[in-house]
Amino acid sequence: MKEIITAQRNFFNTHATKNIHFRRKQLKILQQALEKNESLLHEAIYKDFKKSEFDNYTTELSLLYKDIKEARSNTFKWARTKPVSTSILNFPASSYIIPEPLGVCLVIGAWNYPYQLSFAPVIAAITAGNTVILKPSELPSNTAAAMAKIVKENFDPAYFIVVEGGVEETQELLKQNFDKIFFTGSTKVGKIVYKAAAENLTPVTLELGGKSPAIVTESCNLKVSVKRLVWGKFLNAGQTCIAPDYVLVHKSIEQQFLQQAQKEIISQHFAFENDNYLQIINDDNFERLTKMLVPEKVYYGGQTHKETRYIQPTILQNVTMDDAVMQEEIFGPILPVITYETIEEAIVKVNSLPKPLSCYLFTKSSSIKKKVLKEISFGGGAINETVMHISNSNLPFGGVGHSGIGNYHGEAGFRAFTHYKSVMDKPTWLDPSIRYYPNTPFRLKLMRWFLKF
Ligand code: NAD
């Protein structure tokens with residue numbers, strides 16, 4: 001690993017990556033490589049957890065193509081030196097900010113959207129002019145191998161390389177000195193990464209998880225709300241970092257909500273052996289999730305199939321904040337429904353847990369909307385919608401508190417991999433003596449005046 005990093009550092013030090021044409025060319029190469037290998041990518045992800053071609057295109061590849069397109073159109077703009085004003089004290093001088101790449105970057109991916117979560121940070125790193133070592137998650141082994149193959153065939157390892165491996169390899173990587181670490185994964189491993197980064201004072205972006213709530217008020221459009229909520233929850237079999245983890249429903253509409261949610265699960269064909277519906281990624285996660293299926297709380301679903309790692313989309317009712325399902329991020333197709341009577345009570349419940357990655361509110365009431373947006377802190381979210389805020393690259397994507405540090409997508413991604421170097425540029429033809437010692441009462445008077453501006 002030392003050799004790879006040294007090779008990348010040597011390449012970075014040639015300053016080749018600072019050339020904007022070079023960056024745009026690499027983005028183009030990545031796009032063409034992905035397009036050319038779409039069937040390999042589809043096959044690999046289907047083998048790993050039965051993700052369909054439709055889902056693979058809509059929730060992974062299309063987002064990467066969009067990111068590349070946006071990055072290529074904006075590289076010059078984002079990387080431009082930006083002039084800023086200068087105070088009169090410094091006359092005559094100009095001041096400007098130079099966005100400069102950080103250097104050799106490590107990107108560690110999670111498994112649940114393996115292509116998107118690996119390549120989207122890479123696109124941002126390349127656009128910002130860095131070299132990249134990508135360590136995808138080892139759990140979907142076929143997708144990790146496909147990414148390694150594609151990158152090896154198209155890029156110089158001194159510029160961009162995929163290092164495959166699990167915990168051991170990641171920990172070995174974390175012992176090395178990087179200029180940036182971008183990690184997507186659990187809060188637990190995020191802490192390990194943060195500690196390792198501290199050794200070298202390496203800047204980090206941590207894209208973590210948590211329990212993202214959905215609040216459904218009595219004034220919402222129930223049919224559309226439940227449709228969007230069910231889609232966001234059971235997409236990818238609930239294995240989505242920004243899926244609504246649990247739902248708080250106003251007591252007065254609990255029964256209507258439950259009936260409508262069941263209807264939606266059926267009509268959106270979230271069912272075993274259906275192309276819309278994925279397997280659980282591995283046996284450990286299957287076991288972990290089945291323990292949450294307490295029979296007396298199951299309103300709908302609850303069936304499992306160990307051999308194929310399928311868990312039926314499940315709604316749990318009469319759930320309380322003390323139940324086991326509320327003690328950890330679910331990350332699977334189980335939707336606990338908790339009721340509340342006042343919006344204040346719902347807010348207290350959400351705020352009793354660490355700050356979530358996402359929050360969703362379904363309401364027609366503008367006062368409730370204002371209150372929730374003011375009183376709940378969360379990474380990002382949506383009103384009367386789930387998940388789709390991720391598709392707007394003008395919205396920086398990331399968590400807060402236990403759900404993450406920093407953000408990316410669009411220009412925010414460029415910023416995550418950039419140092420903004422501040423420069424004051426002064427000519428020497430004028431050098432007023434006012435700030436130089438020895439000081440005098442007159443100079444102090446002048447300084448009092450100048451320092452006002
Ligand atoms: P994870 O933390 O188990 O693994 C993430 C990466 O860390 C993998 O590449 C893995 O190899 C590595 N890793 C695992 N254990 C390690 C250890 N002990 N030391 C060093 N490296 C280690 O996460 P996961 O299971 O891949 O993903 C699920 C979690 O990720 C959920 O909490 C989910 O909410 C979160 N997530 C967040 C986002 C986001 O954008 N914020 C996106 C997807 C997933």
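The residues that line the second largest pocket divide into 10 nonpolar, 1 polar and 3 charged. In this predicted model, the second largest pocket has a volume of about 240 Å³, and its lining comprises 14 residues, of which Leu89, Asn90, Phe91, Pro432 and Ile434 lie nearest the centre of the pocket.

Phe91, one of the residues nearest the centre of that pocket, also takes part in a cis peptide bond, which joins phenylalanine 91 to proline 92 with an omega of about 0°. Proline 92 is placed in the loop between strand S1 (82-84) and strand S2 (94-101). A cis peptide bond is likewise found between tyrosine 437 and proline 438, where omega is about 0°, and proline 438 belongs to the loop between strand S18 (418-425) and helix H15 (441-450). Most residues other than glycine have a negative phi, and most peptide bonds are trans. Histidine 15, although not a glycine, has a positive phi of about 70°; this histidine 15 is situated in the loop that runs between helix H1 (2-12) and helix H2 (20-36).

Turning to helix packing, two packed helices are described by the angle between their axes and the distance between the axes. Helix H4 (residues 53-79) packs with helix H5 (residues 114-127) at an angle of about 5°, the axes being 9 Å apart. Because angles under 35 degrees count as roughly parallel, H4 is described as roughly parallel to H5. On the side of H4, the contact is made by Asn56, Thr59, Glu60, Leu61, Leu63, Leu64, Asp67, Ile68, Ala71, Thr75 and Trp78, and on the side of H5 by Pro114, Tyr115, Gln116, Phe119, Ala120, Ile123 and Thr127. By residue class, this contact of H4 with H5 consists of 11 nonpolar, 5 polar and 2 charged residues.

H5 also packs with helix H6 (residues 141-154), the two axes coming within 10 Å and crossing at roughly 35°, and the crossing in which H5 passes H6 is right-handed. The contact is formed by Pro114, Tyr115, Ser118 and Phe119 from H5 together with Thr143, Ala146, Met147 and Val151 from H6. The residues of the contact of H5 with H6 divide into 6 nonpolar, 2 polar and no charged.

Technical notes: Residues are numbered from 1 along each chain as its sequence is written. This is a predicted model: local features need pLDDT of at least 70, side-chain atom pairs count only at pLDDT 80 or more; totals for chains, interfaces and linings use all residues. Side-chain values use heavy atoms; hydrogens and water are left out. Axes are lines fitted to C-alpha atoms, for helices over the stretch in contact, and angles run from 0 to 180 degrees between N-to-C directions. Helices (H or I, at least four residues) and strands (E, at least two) are DSSP runs, numbered from the N terminus. Angles under 35 degrees count as roughly parallel, over 145 as roughly antiparallel, 65 to 115 as roughly perpendicular and the rest as oblique. Contact means heavy atoms within 4.5 Å. Ala, Val, Leu, Ile, Met, Phe, Trp, Tyr, Cys and Pro count as nonpolar, Asp, Glu, Lys and Arg as charged, and the others, Gly among them, as polar. A crossing is left-handed if the near helix is turned anticlockwise from the far one by less than a right angle, and right-handed if clockwise. On a 1 Å grid over the protein atoms alone, a cavity is a set of points where a 1.4 Å probe fits but cannot get out, and a pocket is an open set with protein on both sides within 12 Å along at least five of seven lines; lining residues have an atom within 4 Å of a point. Grid points are joined across faces, edges and corners, and a volume is the space filled by probe spheres set on the points.
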